[in-house]
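Notebook open, model loaded. I'm jotting down what I look up as I go.

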Amino acid sequence: MQRLLIKGKNKINGTINISGSKNASLPILAASILTKKLVLKNIPLVKDIFTMTDLLRFIGIKCQISKKKNLIKINNLKKNLNTVAPYKLVKTMRAGILVLGPLLAKFGKAKISLPGGCAIGSRPVDLHLMALKKLGARIKIKNGYIIAKSPGNLRGTNITFPKISVGATENAILAAFCAEGITTLNNCAIEPEVKDLIKFLNKIGGKIKFKNRKIIIVGTKKILNTSYKIMFDRIELGTYIIAAGICGKKIKFPNVDANLIKTEIKTLKKTGINISFDKNNLFVEGCEKLKKLNIKTEPYPGFPTDLQAQIMVLMTQAKGISKIKENIFENRFMHVSELKRMGAKINIRNNVATIEGPTNLSGAEVMATDLRASVSLVLAGLIAENRTIINRIYHLDRGYFSLEKKLKNCKANIKRI
Ligand code: EPZ
């Protein structure tokens, strides 16, 4: 089992290239079920992407990954696909549920393993199923599988989500893509990754518009071949901005769009981190005297839950008492016990974490529990005294491409052992 060894207290300095977005790539890869030939560029070569391409191959789609060029060539020329997503592939990557919408839309049937929960929460899919039923699908749950059928074509309709859900919004868009008539989705998630999916779908012939949290899809049968460049990963960027803030001299992030992370930049500037940007690049300078902060995680454009564990590490270095209210997932404080073993002063009450700073963290052997918790332990290791060893870094490899190389290039003392 691989581990990361970090020797803390090095200042990082230099340039970090941000990879393509995992959370934009996964729904767009699922959407490839609707297409014939595709080239997807700027794909992040992280574990979840390989799991999704394994799932697409299992379904019968040809996926050629070019690691050198960070691209995937999709050939989906078979008449009939295997409309099953098995437990062994969906259990390790919950986004496997996203093939449900496109399989149902194109073949009128799908059998998808229930994704089940994960470390951060029970992760129900009731909103996904509600939307598909409204589009005319018949759904039953049997032996841990979702068995969906649509007698005729799915039919456009009006759907209002009672709760904002990224995945349910994406599944509904994919299912409605070739439904008969017009589908209006209300109270949708508007994360940049959802918009990247819409941009991609419009490029293959879709007629999808959005205004605020309303998305209107005119069903279409005509599908074009295309090539598409995936957007940058704003959560990876946010993670490294925080790294720069807590132990950076000056870090440059080329080819990123600061407009997509306005809330994060506004929030992080309040802690004293110096963030500036020009048309295509972002510059961050570390701050010796970080200021405390109270935040709550919210759907976009609020502060993202996927940066909650990371900003908590920053708060351990800020002067005073900071608070984080986690509103999205019911169990997303798994990193707290490990951070406390490194000396952090954090208390949890219901879904609110109270963090006292500044505290000197000391290196320790710690264990990753989920993707974002694992990267918060890396951030803590970078500023802790002595050595930190992080176990179970397969969690990290699901969503961060070549993390230790990117940090080592900026003079961090980090290696995989
Ligand atoms: C997406 O997960 C992301 N994953 C998550 O990133 C991210 O944390 C999350 O959105 C919130 O932004 C991908 O895009 C692959 P949700 P998703 O449906 O779609 C509840 C990472 O670290 N809910 O927006 O699963 C749910 O329990 C991952 O990269 C229902 O109740 O999130 C949660 O409390 C982690 N019923 C809330 O909604 C449903 O049917 C938001 O979940 C679906 C969700």
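I started with Thr-184, which counts as buried because its relative accessibility is 14%; buried means under 20% relative accessible area, exposed over 50%, partly exposed in between, with a 1.4 Å probe and protein chains only. Thr-184 sits in strand β11, residues 182-186. Helices (H or I, at least four residues) and strands (E, at least two) are DSSP runs numbered from the N terminus.

A note on provenance: this is a predicted model, where local features need pLDDT of at least 70, side-chain atom pairs count only at pLDDT 80 or more, and totals for chains, interfaces and linings use all residues. Residues are numbered from 1 along each chain as its sequence is written, and side-chain values use heavy atoms, with hydrogens and water left out.

What does Thr-184 touch, not counting residues up to four places away in sequence? I get Thr-157, Asn-158, Ile-159, Lys-214, Ile-215 and Ile-216, with contact meaning heavy atoms within 4.5 Å. Thr-157 is 27 residues away along the chain, yet the two C-alpha atoms are 6.3 Å apart.

Next I checked Leu-185. Beyond its neighbours within four places in sequence, Leu-185 has contacts that include Ile-159, Phe-161, Ile-173, Ile-215 and Ile-217. Leu-185 is also among the residues with the most contacts inside the largest nonpolar core, which has 73 residues; Val-99, Leu-100 and Phe-200 are others on that list. A nonpolar core here is a set of buried Ala, Val, Leu, Ile, Met, Phe, Trp, Tyr and Cys residues joined through side-chain atoms within 4.5 Å. Another core, of 69 residues, lies apart from it and has Ile-6, Ile-273, Met-342 and Ile-355 among its members.

Then α4, residues 100-107: mostly covered, with six of its eight residues buried. Those are Leu-100, Gly-101, Pro-102, Leu-103, Leu-104 and Ala-105. They pack against α1 (22-31), α2 (47-59), β7 (109-113), α5, β9 (145-149) and α6. Gly-108 follows α4 and has a positive phi, near 75°.

Last, the α5/α6 pair. The axes of α5 (residues 126-134) and α6 (residues 166-176) come within 8 Å and cross at roughly 25°. So α5 is roughly parallel to α6, a label for angles under 35 degrees. In the contact, Leu-127, His-128, Ala-131 and Leu-132 of α5 meet Gly-167, Ala-168, Asn-171, Ala-172 and Ala-175 of α6. By class I find six nonpolar, three polar and no charged residues there; Ala, Val, Leu, Ile, Met, Phe, Trp, Tyr, Cys and Pro count as nonpolar, Asp, Glu, Lys and Arg as charged, and the others, Gly among them, as polar.

How values were computed: Axes are lines fitted to C-alpha atoms, for helices over the stretch in contact, and angles run from 0 to 180 degrees between N-to-C directions. Angles under 35 degrees count as roughly parallel, over 145 as roughly antiparallel, 65 to 115 as roughly perpendicular and the rest as oblique.
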